[in-house]
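Dear colleague,

Please find below the structure that I am handing over to you.

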Amino acid sequence: MVRIKWDNKNIGSSPPVRRSPPVKSQTVKFHEVVILVRKLSAISDDGCDSPIGGSLPPDDADNVLHIGGIFPIAGEGGWQGGQACMPAVNLALDDVNHEKNLLPGFILKLHSNDSECEPGLGASVMYNLLYYKPHKLMLLAGCSTVCTTVAEAAKMWNLVVTVEDLEARCKEAGIEIVTRQSFLSDPSDAVRNLRRQDARIIVGLFYVVAARRVLCELYQQKLYGKSYVWFFIGWYEDNWFEVNLDKEAIACTKDQMRLAAEGHLTTEALMWNQNNDTTISGMTSEDFRQRLNKMLKEDGYDIDNNRYPEGYQEAPLAYDAVWSVALAFNKTMEKLSKQGKSLKNFTYTDKEIADEIYSAINSTQFLGVSLFMAKQKVSSIQKKVQPWKLYTMVSGLLVMDIVLLVSWQVLDPLQRKIETFPLELSPFGDDDARIRPELEHCESIHNNIWLGLIYSYKGLILVFGLFLAYETRSIKVKQINDSRYVGMSIYNVVVLCLITAPVTMVIASQQDASFAFVALAIIFCCFLSMALIFVPKVIEVIRHPKDKAESKYNPDVGMSKEDEEKYQKLLSENDELQKLIAAVRKHFSVEDKIKLKIISYHEKTSFQKEEKIKLLKQTLAERDALKGGSGNVPKDSLIVADFVTGEGTSDSAIGGGISVYTQSSRASASDFEFSGSYL
Ligand SMILES: NCCCC(=O)O
């Protein structure tokens, strides 16, 4: 899922990563998921904003499905992608709500607030969304650092932290991580430590404002040039290292920044669907671009002069995210209506329905305006190789064998032939006796032609098998990840054939030796091939005996081995968390738990965040007082989904994924029961 983007308009196929041309950074695009945003406008009494889409029914109407959003719009220094994603979300909600075959009789309504890409504020927004009615079916968030906070505070998102994932992968690949540095606002000590540790390959995970500071610092401390390799996040604007220098009081000139940035590597997601296919909404991605541009122009952005708001690249992901939520709800509702139930009355204590929702989200596939969804459509198509096709192919090969062998037998049957040798003296010393050795052959008249025919046909299949194994060598799809073993088996067959064929020709006249040699070669070959194909499967079944039982969570999607392992890990962590939650629930009140969870997270972070905790605690206390101490979070439970990107800051970053969690009780914002796995 890697693409390389050489410039913003020319997103192409996959050339290898290499050093960038002068000044311009090269960009490797990674798969990116979805960020949703919502304008911080028209804030209503409940602390959240009014619905998108004009004259929608009131909050408590039976036909409204509520979702929550924590999105980055204002603020500085982080990622304010909501500026462009918000119009995309507006478009999507409008389209979804006007699609009469989708959620018939219901509309989707988003309640959101601005996190400013600030973790503390994000936690407060989350609290408000959970605390006030109406109950939200799902919570969406964007901006990695906020997602991390929400994940920590809510103790349920369990997303892979980027940095940790990167470290684990480096370890797997035998790459030693010399040091890991983080900083709050001044990177000089962090850069100095890198120099001290003699780090030469450095991965920087921070937002663009921090990136400019780091770049200037590494210029000052001379950590640039051919002796260093810097990796930065790729979604910064193209000339990020030479803009806003005065505004941000960067103590380097443009030339110095250019020099320091020379040759750095960046990674970025390919977000726009590159095909001109009509997508689920009836638009092509170009139609979507034009509609979005029109909205942005109306909002005052000078699109004609390439002045795009932040998050423009991610806008199709935001648009598709709303469609995926709507489709998943739709699927769940159809199932529920057959059982006389409704999504509207859903509580997450109902594990069965929670599983239905999770399964619906996991198996939702459509062609969207973003590459994320377009790629899903292409897909794990590959996975829809039906078993009957495989059976047909194997049967075809078998029929071919039968035809060849029968033709051989009918047209030129194998016959017993006797080869005689010159008379030999008797080994018993009898002068009157001579022995004539005879060798029985079982062959046809045109034996060599038939053998040549069969060898050529089998040889072709062997070569084709090698080709397939080579082509699928990097595919990690469970159903077809035999390629390595198939390759090894074919290699084994080829080597044994190359040895056995000439040897049997040479020793053909020594019948017993020839027979033994061929028989042993065949047995060894079959044994090894079958062991290579089946032993790993048996080991897999022994290691993950529960796989089959849990396949209901993900009936249509083939998971990679990696995803499966993550999934298993999450399931066991989930069990632990549930036990913990049950234990904690016995001892603390609802409000205590919310405070404790949020406080424990923030204790781990910065002074700045602690300040926000104080505010949050104050808010909680005020609300306690207002509600006479009985301010519970909504009685019904909540489903939370995360559509986040895969990058973040150096001390708190978050991996991409779509996760669904269910709140196991009305207890607290952080008491959630995880009920699914990553995509
Ligand atoms: N592509 C923008 C990602 C922003 C973030 O992860 O915070």
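Two strands are said to pair if DSSP finds at least two bridges between them. Helices (H or I, at least four residues) and strands (E, at least two) are DSSP runs, numbered from the N terminus. The model is a predicted one, in which local features need pLDDT of at least 70 and side-chain atom pairs count only at pLDDT 80 or more, while totals for chains, interfaces and linings use all residues. Residues are numbered from 1 along each chain as its sequence is written, and side-chain values use heavy atoms, with hydrogens and water left out.

Overall composition

The protein has 19 helices and 16 strands. Of its 679 residues, 46% are buried; buried means under 20% relative accessible area, exposed over 50%, and partly exposed in between (1.4 Å probe, protein chains only). The protein exposes about 34700 Å², and carbon and sulfur atoms supply 58% of that area. Accessible areas come from the Shrake-Rupley method with a 1.4 Å probe; for residues, only the protein chains shown count as cover.

Strands and sheet

Strand β7 (residues 201-203) runs parallel to β8, and three bridges join the two. Strand β8 (residues 229-233) is mostly covered, with four of its five residues buried.

An open sheet is formed by three strands in the order β5-β4-β6, with parallel pairing. Its edge strands, β5 (107-114) and β6 (138-141), each pair on one side only. From one strand to the next, the twist averages 25°. Helix α2 (residues 119-131) packs on this sheet and touches β4, β5 and β6, and its direction makes about 165° with that of β4. Contact here means heavy atoms within 4.5 Å. Axes are lines fitted to C-alpha atoms, for helices over the stretch in contact, and angles run from 0 to 180 degrees between N-to-C directions. Strand β4 (residues 64-71) is joined to β5 by eight bridges, and His66 has Lys109 in β5 as its bridge partner.

A pair of helices

Helix α12 (residues 387-411) packs against helix α13 (residues 447-471) at an angle of about 175°, their axes being 11 Å apart. The two helices are therefore roughly antiparallel; angles under 35 degrees count as roughly parallel, over 145 as roughly antiparallel, 65 to 115 as roughly perpendicular and the rest as oblique. Among the residues making the contact are Leu404 and Trp408 of α12 and Trp450 and Ile454 of α13. The contact residues comprise twelve nonpolar, two polar and two charged. In this division Ala, Val, Leu, Ile, Met, Phe, Trp, Tyr, Cys and Pro count as nonpolar, Asp, Glu, Lys and Arg as charged, and the others, Gly among them, as polar.

Individual residues

Asn293, in helix α8 (residues 285-298), is buried at a relative accessible area of 14%. Leaving aside residues up to four places away in sequence, Asn293 touches Ile303, Tyr308 and Tyr312.

Leu103, a residue other than glycine, has a positive phi near 45°. Leu103 sits in the loop between α1 (82-98) and β5 and is buried at 2% relative accessibility. Asp198, in the loop between α5 (188-196) and β7, also has a positive phi, near 60°. At 43% relative accessibility, Asp198 is partly exposed.

With kind regards
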